[in-house]
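Have a look at the structure first, then read on for the aromatic side chains and the ligand site.

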Amino acid sequence: MAKLVEGKRALIVGVANKRSIAWSIARALDENGASIALTYQNERVEKDVRKLSETLASPGPVVPLDVQDDAQMDASMAEVAAGLGGIDILVHAVAFARQEDLSGRLVDVSRDGFLLSMDISAYSLVALAGRVEPHMREAGGGSIMTLSYIAADRAMPGYTMMGVSKSALESVVRYLAWDLGEAGIRVNAISAGPVRTLAARGIPGFSDMADAIAARTPLRREITTDEVGAAGLFLASDLSSAVTGEAMFVDAGFHAMGL
Ligand SMILES: NC(=O)c1ccc[n+]([C@@H]2O[C@H](COP(=O)([O-])OP(=O)(O)OC[C@H]3O[C@@H](n4cnc5c(N)ncnc54)[C@H](O)[C@@H]3O)[C@@H](O)[C@H]2O)c1
């Protein structure tokens, strides 16, 4: 049987280590025939990301990319497009908020903290989509996906500023879907249930929250990163050719519950 993304070229932004959600999507795409370029935020994670890249069947360039650095984004996007021979798939799995802006009250968040979180967690998708657009147009279309959380829809204490940023991110997804749809470029979010990653460890009380959510979830369990990887593969492939502007829950059904 033909592989789902055979010959496609994917740029994956947001791998920090083997637990990263972005890595599970990278693996799923790699196993299904795509070539994979990875980025690293800084030298602290560069070595780990390079090592992970070496384990892929079709590794591409591994480049530095801090979403707050416009010049670096330009250079790295160009290097990836040249190295892969084009770009068909963009995975955006990047988010940040200061610790006090997650654990504290929203009314106490500073202008600085608000803008920092919105910049890294929501504007970054706009910045990357604009830079990948010409490459996807050249390819005759493409798939862009990002990672969200149910705190975009509902207030979840402990997630505070990130909830606000995820609401903005999901709105960005809808507007980008409209902007880029005429070029055959689809834009979606995966709204994942809690997964124990590096970023998750920064959320105060994350472990208790994950346990409580699992108990109130139709499937009565947590989700795995591999399950998010499979959803990413679906959104990257032609199986989802009519899906865009969507925030797709991969949360074992938690969003369907009222209590
Ligand atoms: N873990 C969960 O429970 C969960 C649930 C739903 C959604 N998400 C989302 O999934 C995405 C990936 O997070 P994860 O849980 O895999 O954790 P992770 O820590 O593995 O990934 C977060 C990534 O963001 C990157 N990043 C932060 N600031 C950056 C910057 N300025 N420039 C470039 N990269 C930057 C980090 O380097 C890291 O690779 C995030 O958007 C997160 O909000 C996570």
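## Rings and a ligand

Search the whole structure for aromatic pairs and you get one. That pair is Tyr149 with Tyr159, a tilted arrangement with 4.8 Å centre to centre and 50 degrees between the planes. The two tyrosines are 10 residues apart, and both Tyr149 and Tyr159 are in the loop between S5 and helix H6 (160–181). Keep in mind throughout that this is a predicted model.

Where does the ligand sit? You'll find it in the largest pocket. Strand S5 (142–148) and helix H7 (198–201) are the elements that give two or more residues to the shell around the ligand. H7 gives the most, with three residues.

In total, 26 residues surround the ligand, and the closest are Ser20, Ile21, Gln41, Val195 and Thr197.

| Residue | Protein atom | Distance to a ligand oxygen |
|---|---|---|
| Gln41 | N or O atom in the side chain | 2.7 Å |
| Lys166 | polar side-chain atom | 2.8 Å |
| Val195 | polar backbone atom | 2.7 Å |

So much for single contacts; what about the cover as a whole? On its own, the ligand has 820 Å² of accessible area, and the protein covers 93% of that.

Two of the table's residues, Gln41 and Val195, also turn up in the list of closest neighbours.

Key: Residues numbered from 1 in each chain as written. Predicted model: local features only at pLDDT ≥ 70, side-chain atom pairs only at ≥ 80, totals over all residues. Heavy atoms only, no water. Near = heavy atom within 4 Å. Polar contact = N/O pair within 3.5 Å; in protein donor to acceptor, adjacent residues only side chain to side chain. Areas by Shrake-Rupley, 256 points an atom, 1.4 Å probe, with all protein chains shown as cover. 1 Å grid on protein atoms, 1.4 Å probe; cavity = no way out; pocket = protein on both sides within 12 Å on 5 of 7 lines; lining within 4 Å. Sits in = over half its atoms within 2 Å of the grid points. Helix = DSSP H or I, 4+ residues; strand = E, 2+ residues; numbered from the N terminus. Phe/Tyr/Trp six-rings, centres within 6.5 Å; stacked < 30°, edge-to-face > 60°.
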